[in-house]
Amino acid sequence: MTPIDNIVEVTVFTTEMFIVLSPILLLSFGIVLSLLLIAWQRSQKMIAVFSQAILTFTLLLSLHLLSGSLLTGDGVQITTLLKVDHFSYISLSLICLSALAVVGLSGQVLKSEIEVHDEYYLLILLVTLGASILVVSDHFASLFLGFELLSISLVGLVGYFREQKYAVETGFKYLILSASASSFMLLGIAFIYSQTGNLSFAVNSAAVSWSPNSLQLFNSIGILLFFSGIAFKLSLAPFHFWTPDVYQGAPTPITLLMATVSKVAMFTVLMKCCFAQGYFNNEHFVDVILVIALLSMFIGNTLALKQQNIKRLMAYSSIAHFGYLLIVLVISSEQNIDFAWRSALFYLSAYILANVSIFTIVILHENRILQNSAEREISIGDWQSMFWYRRTEAVLLMLSILSLAGIPLTMGFIGKFYLLNQAVISQSWWLISGLVIGSGIGLAYYLPLIFTMLKSSENSIVENESPSDTFVKSPPLFITILIIISFYFGIFPDSLSQYIM
Amino acid sequence: MMLTIVIFGLLLSGSVAWLTDNKTFAGVKFQAKWLSLCAVLTLGSYFLLSIFSHAQSSVQNFSQLQLFERVPWISSLNIDYALALDQLSITLIVLTFFLAVICILVSWQEIQEKAGFYYFNLLATFAGIIGVFSAVDMFLFFFFWEVMLIPMTAIIAIWGHENRYFAAIKFFIFTQVSSLLMLVAIITMAYIHQQQTGLLSFYYQDWLSLDIKIGIAQYLMLGFFIAFAVKLPSVPVHSWLPDAHTQAPTAGSVLLAGVLLKTGAYGLIRFVIFLFPQASENFAPIAATLAVLSILYGAKMAFAQSDFKRLVAYSSISHMGFVMLAIFSFNEIAYQGAIVTMVAHGLSSAALFSLAGMIYHRIHSRSLNDMGGFWQSAPRMGGFGLAFAAAAFGLPGLANFVGEFLSLVGAFQVFPIMVIFAALGLIGSAIYGMVLFQKTFQGMPLKPVQDLSIREICICSSLLGLLIILGLYPNIILHHSFGVLT
């Protein structure tokens, strides 16, 4: 049988594989080192700097390998478990970038407490490792490994501030739902295995024929269960119920981590799996995607309308955004896979940039306004007339919101343009109308956010302006850089999309 | 380079105006309004001069689109930064510049707070509008189409009247959703081009040679049509307009009525008619019906309003109905009528909105019930008011008459019955025009108001002057826009 031959063939670990895999090896090695570092001396500053260094090196290494000529064509297969290609590196870079932002912003949140938070940083690194395993996995086993590593570390982080009001509730909610999601997924994988006898992404597509077959049902149920596990992580409707609560209850940097690292990794692996297995040829699967995408667009956007809490609003908007993103899974033929990847990665980059920007401001704002109160919650009203007394931050915020709304001059628009291109190529008119209507509803909550910032300062909170602010020097520069990036890639998207190809 | 300089010059001077407003450098206090006025005047005259010199040197005389710039922008999707001009776009850009000056002048006293940011938005809107009129790459066109929308929304939302957030959101959502439909049509066109020639293209001239099956063309045409009908606006997608016009500050209303609505008409002519001639001919009866409905509905609703600006807003719907009727009549006389009506309505509605702004400045109300008898204390204002109302209802000798007359004559050859109904709209406009004038300037004087200042006289007389010139000698426009339409 060919699958077994394959396995024997590729188990040799060559230098090329080592080099290709080096970013992930570096990350794992860094985690071990940071454990040693904690054993040697417990210092929050040190571990923060160390984690940032690890992430930066991983990022640089993957960017270096991305521009190198090692990857040709289909990418490098490393045992049956992993396969590194061009797109994995891009996702990996995106993951490292967002993790870097999370680590950097965590400093703002953690400093008010007395403890030393080594394990916090360690957990973030583990989440990143889980995510990077996901993006290179080519096998259901490695997928599950990465999935679990990601989820379990996230559970620890979600309830990290155990003193806070929602911490326990949030942690439990996430733990239970995440565990049930992974068990569903495991069951799904088992069903798939029962039909194909192999867990590799690539082999399955050859083994399974879509012709009607008495046991076809098992395979379909397997795929469905597997997909529902991933949909839970991506918080697609109808698996979205945890999202607003967990977004709201988790520490804000962790919310950002969930919104970016976990989702990028999950979506990348979903795409890898779907394209490798040729699910897009399966009518039923496409129908399921269609329904879930439309539901997510509709539910996410409608429920976001009345939200006052920023984090909840972002939660609902993320549901809608991943609904839009599902468009790339519905492709008409193999030739469009490259374009689908390009669209998805561009959209994800735009999404990450907007999320990082918004959460940066939220964290800075939380620090500033709610320093003394026990509750760290920002509502829309707190942003009133921000534009007139805190210009730079407000401009960044507006750009990011416009980007999420998909208005030109921002990356979000180009991302949406790519998605529409993708949808037109595959002629999925339902998804297009969903996207158009969804964006229309979306404007009804994005615009009021902007208008709130533009409102005149009648009784605003200007008195909070004081030099004694716990305002670290780096954020303003960081904010300016984010603004420049958002504009630059919004107006010259080619500089990014050429990199992706 | 010329158009790029104009567009980016506007954006740049807007930014400079924003940053330097109310700051003192070397003993001189900078004010955003002076800077914007200078910028608009300079760039406007630069534009006119280069057009003249260009027209003299080249043989073509802008009867066809003349490409000014074409550089690759997003090369992975074959999107270019391409700008071109023909007589239609030149006419509209000149109108834009003229109204830009008017806009700045009417804001002179009205906008006191956050003036820097206000002028930035104003100039950014002008830049976007000029971009819309000159872009020939469809992605670029869409880009500008949205770029003019954002600052316009900001103007309504920040400096508008009591209900401004609602109006701004409504305006934005209507335009955005409809323009997304257009974006889908644009992308589909690009892929049809790829199917037929093997090359993805968003370039307008490439699209003209496409041979699209009528079945698909019908839908694509509809995508464009809806976007432009919302902007125009036509019944039944008009409902953003009365709110946006009423709530916007004076300059916002002038800008909206004067040029923003014209982008819809421009789009109908340039894209709907030229890209899908067959499909739009099939669609013409429906479009004409919508146009006649707009004319009658607008006139009827205008008559029922008690808010000065709302009345003028509804009258805009009525007037733009004539433009749409003419555009879908497919003959030369009607086209010329449409273009004259566009320019004339740009001027006359700008004039009426400026007048509304002047009255609001004096009595702080837009309600017709708070007005009355202004003639006694402000005869100059009354005189201009009468003239502008007369222009709005199409008095011969003023530009609107020429436009509407030509539109109706042209359309009569195609839709005789509809034109009979449309002509009833003229009677309607006479009624609401007179109501407007009487309620404002005649009757018992409620309270005395100050007569027009010199700045306001300048605004009014320049608008009136142009209306009269175009009314008596419409050949200025007719002569020039002739070539576009063959």
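These are my notebook entries on what I looked up in this predicted model.

**Ground rules.** I number residues from 1 along each chain as its sequence is written, and chains are lettered from A, with ligands numbered from 1, in the order in which they are written. Since the model is predicted, local features need pLDDT of at least 70 and side-chain atom pairs count only at pLDDT 80 or more, while totals for chains, interfaces and linings use all residues.

**Chain A, overall.** I started with chain A and found 20 helices and 2 strands. Both are DSSP runs numbered from the N terminus: helices are H or I with at least four residues, strands are E with at least two. Of its 501 residues, 54% count as buried. Buried means 20 or more other C-beta atoms within 10 Å of the residue's own, exposed means 12 or fewer, and partly exposed is in between, with C-beta atoms placed from the backbone. Next I looked at contacts (C-beta atoms, placed from the backbone, within 7 Å). Among those in chain A between residues at least 6 apart in sequence, 80% join residues at least 24 apart.

**Leu21(A).** I picked out Leu21(A), which sits in helix α2 (residues 15–40) of chain A. Is Leu21(A) buried or partly exposed? It counts as partly exposed, because it has 19 C-beta neighbours inside 10 Å. Not counting residues up to four places away in sequence, Leu21(A) touches Ile78(A) and Val84(A). I also checked Asn309(A), 288 residues away along the chain: its C-alpha atom is 41 Å from that of Leu21(A).

**α4 and α5 of chain A.** Helix α4 (residues 86–110) and helix α5 (residues 118–136) of chain A have axes that come within 10 Å and cross at roughly 165°. Axes are lines fitted to C-alpha atoms, for helices over the stretch in contact, and angles run from 0 to 180 degrees between N-to-C directions. So α4(A) and α5(A) are roughly antiparallel; that word covers angles over 145 degrees, while under 35 is roughly parallel, 65 to 115 roughly perpendicular and the rest oblique. On the α4(A) side I noted residues including Leu92(A), Ile95(A) and Val103(A), and on the α5(A) side Ile124(A) is among them. The contact has 13 nonpolar, 5 polar and no charged residues. Here Ala, Val, Leu, Ile, Met, Phe, Trp, Tyr, Cys and Pro are nonpolar, Asp, Glu, Lys and Arg charged, and the others, Gly among them, polar.

**α4 and α11 of chain B.** In chain B I looked at helix α4 (residues 115–134) and helix α11 (residues 250–275), whose axes come within 10 Å and cross at roughly 15°. That makes α4(B) roughly parallel to α11(B). Among the residues in contact are Leu122(B) and Phe133(B) of α4(B), and Leu255(B) and Tyr266(B) of α11(B). By class I got 9 nonpolar, 2 polar and no charged residues.

**The core.** Which residues have the most contacts inside the largest nonpolar core? They are Ile124(A) and Met324(B), in a core of 372 residues. Such a core is a set of buried Ala, Val, Leu, Ile, Met, Phe, Trp, Tyr and Cys residues joined through C-beta atoms within 7 Å. Helix α14 (residues 337–369) of chain A gives the most to this core, with 19 residues. Leaving aside neighbours within four places in sequence, Met324(B) is in contact with residues including Leu232(B), Leu268(B) and Ser294(B).

**Where A meets B.** Last, I checked the contact between the chains, which takes 23 residues from chain B and 20 residues from chain A. On the chain B side, α7(B) gives the most, with 14 residues. That side divides into 18 nonpolar, 4 polar and 1 charged.

Terms used. Contact = placed C-beta atoms within 7 Å.
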